Amino acid sequence: MNSSATRVAALLIVLAVACLSMHDAIARQMVQGLPVVVVIWVRYLGQSLVMGGAAISRRSLAAWTCRRPGLHFLRAFFLVALSLCFIGGLRFVPLAEATALNFLAPLFVLVLSKVFFSEAVRPSQWIAVLVGLLGVALVVNPAGELFTWTALLPCGAAFFLSCYQLATRAAANQDTPESATLWLGLFALALCSAMLPWFWEAPSTLQWLGLSGMALVGTTAHWLFAAAYSRASPASLAPFTYVQIPCSALLGYLMYSSFPGVLGWWGISMILVSGLMVILPSIVRSTRSSEQDSLGELR
């Protein structure tokens, strides 16, 4: 990957996480008046309509070809679970803090990779896990208002996000990105639809507008991620995803007048540092691999 493509990819990632922050900010408002199942059902309905409509308009048969439907269904299960935890948690946890707790996912990936894939883990990465847990303690603050069981919801979302990332890794090179995104949305929609009869409440006209906007920015974020990862490796772009934390903090302040305190920012910073400590070896390996490929091309 040349430096120009990497810069464009980094910009796309920043735009993607900005869209995700807006998606979460809208979702926080929606779950105040609607069941979380209804909110995420509309979210994946919008994604399925957009991706399906795009595939139909281009007459792309490849988008409808799915080699590993069971694996993509598992990805959708983890995605719905993390959506239920994270968006449900937004009803109780401020936006910036919930976003920061969701960035525990690299730590969960580290532990799960060790347990299930027997991957080597460096001592510095285990130290990162401890730093991240201490950061969670500062964000939740046992003496503060967030010290309730509801603070576990964003942590649960981080766990399911790590499971989703591992399942996505297993599905790599099985289907095209367009097909993987389309079937992910369809399976997620099916799972939400199965739960919908027990939670359905008809949204008002204003709520439909908010839900539609949430679905639009969420789908745009997924498209931007796909466009970025087609230009540079996910490992090299991972640090740029942390821009979501200040974006969420800004939107939380502007829309809900909530802003982390001093201890909260210390905890958020420790979670950020711990995540970077975990993904740094992957970034180094990716950089070395790119350099070796470039040298091979020169030879």
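Helix α4 (residues 95-102) is mostly covered, with 8 of its 8 residues buried. Buried here means under 20% relative accessible area, exposed means over 50%, and partly exposed lies in between (1.4 Å probe, protein chains only). The residues concerned are Leu95, Ala96, Glu97, Ala98, Thr99, Ala100, Leu101 and Asn102. Helices (H or I, at least four residues) and strands (E, at least two) are DSSP runs, numbered from the N terminus.

This is a predicted model: local features need pLDDT of at least 70, side-chain atom pairs count only at pLDDT 80 or more, and totals for chains, interfaces and linings use all residues. Residues are numbered from 1 along each chain as its sequence is written, and side-chain values use heavy atoms, with hydrogens and water left out.

Now the whole chain. The protein has 12 helices and 0 strands. From the N terminus on, its elements run α-α-α-α-α-α-α-α-α-α-α-α. Of the 299 residues, 50% are buried. Contact means heavy atoms within 4.5 Å. Among contacts between residues at least 6 apart in sequence, 89% join residues at least 24 apart. The protein exposes about 14,900 Å², and carbon and sulfur atoms supply 69% of that area. Accessible areas come from the Shrake-Rupley method with a 1.4 Å probe; for residues, only the protein chains shown count as cover.

Helix α3 comes next. It spans residues 69-89, 21 residues in total. From first C-alpha to last it reaches 30 Å, close to the 30 Å expected at 1.5 Å a residue. The expected span of a helix is 1.5 Å times one less than its number of residues. Because 15 of its 21 residues are buried, α3 is largely enclosed by the rest of the structure. Arg75 is found in this helix. Its relative accessibility is 5%, so Arg75 counts as buried. The C-alpha atoms of Arg75 and Leu184 are separated by 6.9 Å, although the two are 109 residues apart along the chain.

Ser48 lies in helix α2 (residues 36-57). At 9% relative accessibility, Ser48 counts as buried. Leaving aside residues up to four places away in sequence, Ser48 touches Gly53, Leu182, Gly185, Leu186 and Leu189. Its C-alpha is 10.0 Å from that of Ala215, 167 residues apart along the chain. Val129 sits in helix α6 (residues 123-140). Val129 is buried, with a relative accessible area of 13%. It touches Leu107 and Leu110, again not counting residues up to four places away in sequence. The C-alpha atoms of Val129 and Phe108, 21 residues apart along the chain, are separated by 8.6 Å.

Turn to the cysteines. The structure holds 0 disulfides. A disulfide is a pair of cysteine sulfur atoms within 2.5 Å. Cys155 is buried, with a relative accessible area of 14%. Cys247 is in no disulfide either; the nearest cysteine sulfur, that of Cys19, is 9.7 Å away. At 23% relative accessibility, Cys247 counts as partly exposed.

Finish at helix α11 (residues 244-256). It has 13 residues and reaches 17 Å from its first C-alpha to its last, close to the 18 Å expected at 1.5 Å a residue. Its buried residues are Gln244, Ile245, Ser248, Ala249, Leu251, Gly252 and Tyr256. Helix α11 also gives the largest share, 4 residues, of a nonpolar patch. That surface patch, about 620 Å², is made by Met22, Leu250, Tyr253, Leu254, Met255 and Phe259. Patches are made of residues with over 30% relative accessible area and no salt bridge: like charges are joined within 9 Å, nonpolar side chains (Val, Leu, Ile, Met, Phe, Trp, Tyr) within 5 Å. A salt bridge is a side-chain nitrogen of Lys or Arg within 4 Å of a carboxyl oxygen of Asp or Glu. Phe259 belongs to the loop between α11 and α12 (262-298).

Ser257 is in the loop between α11 and α12 as well. Just after α11, Ser257 takes a positive phi of about 55°. Most residues other than glycine have a negative phi. At 64% relative accessibility, Ser257 counts as exposed.
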